[in-house]
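Subject: Structure for your review

Dear colleague,

Please find below the structure that I am handing over to you. My notes on what was found in it follow directly after.

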Amino acid sequence: MDAYWLEQTNSDVPSGDWWLSESECARQGGLHIPKRRSDWRLGRWTAKHAVAVYLNLPRSQPVLAGVELRPAPSGAPKVFLRGRTAPVHLSLSHSHGVGLCAIVRAGAEVGCDLETVEARSPIFVADYFTDDEQELVRRAPAVSRDQVVTLLWSIKESVLKALGCGLRSDTRSVNAAPADYLNSHGDGWFPVSAAHDGGSQFYGWWRVSEDLVRTIVMEGRGCQNSTTTLPKAPDSTSACAAPISLAEKWRSLRSGLSFPESTNSAA
Ligand SMILES: CC(C)(COP(=O)(O)OP(=O)(O)OC[C@H]1O[C@@H](n2cnc3c(N)ncnc32)[C@H](O)[C@@H]1OP(=O)(O)O)[C@@H](O)C(=O)NCCC(=O)NCCS
C-alpha cells in the first residue's frame, strides 16, 4: 500500500479561521500558549489539505472546514468528513514551523515524525535506546552522531504514533533499524524497518534536509529485502515504494482557489 505525504510551513497557514470547523474553532479557543496554538493550526492546515488532495476533493472553504481531525483519547488524530469517519488514516508532526502529514487509506496504520537534528547526551541514548540502537550510535562517525540519534528517535516516535500510544510507551519497546545508514547519502527517502516488542513489525522511510529528519512508517513487513535495498521509484506500486509527495497536486489545486485567499497572512 502506498503512503502519501505533504509538508506545509507556518507561512502557508492563513491568519483567518474560515478553514476550521465550529468545533475546531472551539478547541482552538482553549489553546492559550502561542506556540501550541500555531503548531496546532499548522498541523490542521497540513492535514486538511493532505486529505483533500488524497481524496481528490476540491480545495474549497466548505471542503477544508468539513475535514475535521478529532483527537482520540490517546491524542491520535481521527479524520472525519462532514461528521462521518473518513476512509483514511493519517499521522501528523510539527517542528520549527514545518508541518508534516502522512496519509494512507483506512485499514493501514501510519505514523510520521519530524525532528530537528540536535545534540543529545550519552545519558539520553543509554536511557531511551535499545542495545542495537546504541551500537549503531557507537559505530556512527562523530560528524553523523547527532543525525543518527535524531533519526533513531524519530523512527521510534513514528512507530509509537502508528500504534496510537505515543510516548506513553517505553521507547525501548521499539527497535529501529535505518537500513544501511552509513551508506545513505543525499536528500531522497531511505528505507527503515522497526520491530515493536509487542510483536508488530514496521517498515518505512527516512529523509533529511535542512537539518530536519522526517520519518514515515507503516505497520507490516513491506518488501522482505527492504533492509538492504533503496526504495523503488515513487510511481511503483510495491509495498515498499518510497512515500509519494502530494505537493505537486496541491500546487496545481492552488491555482483554482475558491476560498478567501485575501485572508492569508502570507503573500
Ligand atoms: C504523540 C507524541 C509522541 C508527539 O510528540 P511531539 O514530538 O511532541 O509532537 P509531534 O509534532 O511530532 O506530533 C504531534 C502530533 O502527534 C499526534 N498524536 C498525539 N498523540 C498521539 C498518539 N497517542 N498516537 C498517535 N498520534 C498522536 C497529534 O496529531 C499531535 O498533533 P496535534 O496535537 O497538533 O494534533 C507525544 O506528544 C506523546 O506521546 N503524547 C502522549 C503522551 C504524553 O502526553 N506524554 C507527555 C510527554 S512524554
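Helices (H or I, at least four residues) and strands (E, at least two) are DSSP runs, numbered from the N terminus. The model is predicted, with local features requiring pLDDT of at least 70 and side-chain atom pairs counting only at pLDDT 80 or more, while totals for chains, interfaces and linings use all residues. Residue numbers start from 1 along each chain as its sequence is written.

The ligand shell

Strand E5 gives the most to the shell around the ligand, with 4 residues. Helix H2 (34-54), strand E5 (88-95) and helix H6 each supply at least two residues of this shell. Of the 20 residues around the ligand, the nearest are Gly75, Ala76, Ser93, Gly166 and Leu167; a residue is near a molecule if its C-beta atom, placed from the backbone, lies within 6 Å of it. By class, the shell comprises 7 nonpolar, 8 polar and 5 charged residues. Here Ala, Val, Leu, Ile, Met, Phe, Trp, Tyr, Cys and Pro count as nonpolar, Asp, Glu, Lys and Arg as charged, and the others, Gly among them, as polar. At least three residues of the shell come from each of domain 1 (4-108 + 246-263) and domain 2 (115-231), the bounds being taken from an automatic or database domain assignment.

The nonpolar core

The largest nonpolar core has 64 residues, and those with the most contacts inside it are Ala50, Val51, Leu90, Cys101, Ala102, Ile103 and Val217. Such a core is a set of buried Ala, Val, Leu, Ile, Met, Phe, Trp, Tyr and Cys residues joined through C-beta atoms within 7 Å. Helix H6 (residues 145-162) provides the largest share of this core, 9 residues. Leaving aside its neighbours within four places in sequence, Ala102 is in contact (C-beta atoms, placed from the backbone, within 7 Å) with residues including Trp5, Leu90, Val110 and Ile216.

Lys156

Lys156 has its place in helix H6. A residue is buried if 20 or more other C-beta atoms lie within 10 Å of its own, exposed if 12 or fewer, and partly exposed in between. Lys156 counts as buried because 29 other C-beta atoms lie within 10 Å. Beyond its neighbours within four places in sequence, Lys156 is in contact with Thr171, Val174 and Ala176.

Yours sincerely

Definitions and conventions. Two residues are in contact if their C-beta atoms, placed from the backbone, lie within 7 Å.
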